[in-house]
Amino acid sequence: MELVVQDLQCRRGGRLVLDGTGFTVPGGRAAVVRGPNGAGKSTLLRALAGILPISDGSVRLGDITLTGDRSGYQEQVAYAGHLDAVKPALTVGQNLGIWAGIHGAKSGRVAEALGHFGIEHISDRPAAQCSAGQKRRLGLARLMVLDRPLWLLDEPTVSLDTASSELVSDLVRRHCAGGGIALVATHIDLGLSDAEVIEVTPVQPRRIESSDDADFLAGDWT
């Protein structure tokens with residue numbers, strides 16, 4: 001399985017953010033997405049996750065295309081964005097357990113994920129009482145309860161200390177060693193020495209005039 005992106009174009013509010021973006025990441029490899037602030041790294045990952053609509057181009061994961069089989073494609077993707085999506089009223093264990101139940105995770109995955117990120121000792125603590133770093137680790141632990149070949153990680157080490165950041169690096173390496181693919185947008189060195197590098201450069205601002213341009217209605221302003 002490989003991820004193939006060709007001539008990808010995305011716009012926000014009628015303005016191009018990505019234009020002609022293309023790359024291939026084979027199975028078993030990680031790719032680091034780099035670029036200055038505002039260049040479109042988050043837009044790229046959200047588009048590849050099927051959260052933002054693409055204006056042109058194609059995205060293929062193995063034999064499945066994003067535009068041809070959107071739901072089938074998204075079932076192969078795990079996305080971790082800036083928000084941790086943690087339910088504050090639930091405990092750490094409940095947050096992860098409910099997520100595992102929804103996606104039919106294999107037995108033992110929750111315990112393994114809690115142990116990997118060193119949060120098993122706070123599994124009964126309400127998430128509202130957790131630190132920013134603990135919430136971040138809980139959010140990332142969800143990756144371990146899913147069987148998704150493509151991981152899209154947007155600044156996964158935000159709020160994490162050095163030791164916890166290494167846990168993320170180790171997790172990505174393990175995922176790729178099992179044949180998975182990971183795209184990681186980050187400004188720090190995660191120690192993924194053999195990772196591909198995808199450079200995202202700012203697009204010269206220009207508005208696309210179109211009578212049916214209603215991006216804000218499609219969620220592009222969110």
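How do the residues of the lining of the second largest pocket divide into nonpolar, polar and charged? I looked it up: five nonpolar, one polar and five charged. (Ala, Val, Leu, Ile, Met, Phe, Trp, Tyr, Cys and Pro count as nonpolar, Asp, Glu, Lys and Arg as charged, and the others, Gly among them, as polar.)

I note that this is a predicted model, where local features need pLDDT of at least 70, side-chain atom pairs count only at pLDDT 80 or more, and totals for chains, interfaces and linings use all residues. Residues are numbered from 1 along each chain, and side-chain values use heavy atoms, without hydrogens and water.

A pocket here is an open set of points on a 1 Å grid over the protein atoms alone, where a 1.4 Å probe fits, with protein on both sides within 12 Å along at least five of seven lines; lining residues have an atom within 4 Å of a point. The second largest pocket has a volume of about 190 Å³, the space filled by probe spheres set on the points. Its lining includes Arg109, Glu112, Leu171, Arg174 and His175. Helix α6 gives the largest share, three residues. (Helices are DSSP runs of H or I, at least four residues, and strands are runs of E, at least two, numbered from the N terminus.)

I turned to α6 next. Residues 162-177 form this helix, which reaches 23 Å from first C-alpha to last.

Methods
The expected span of a helix is 1.5 Å times one less than its number of residues.
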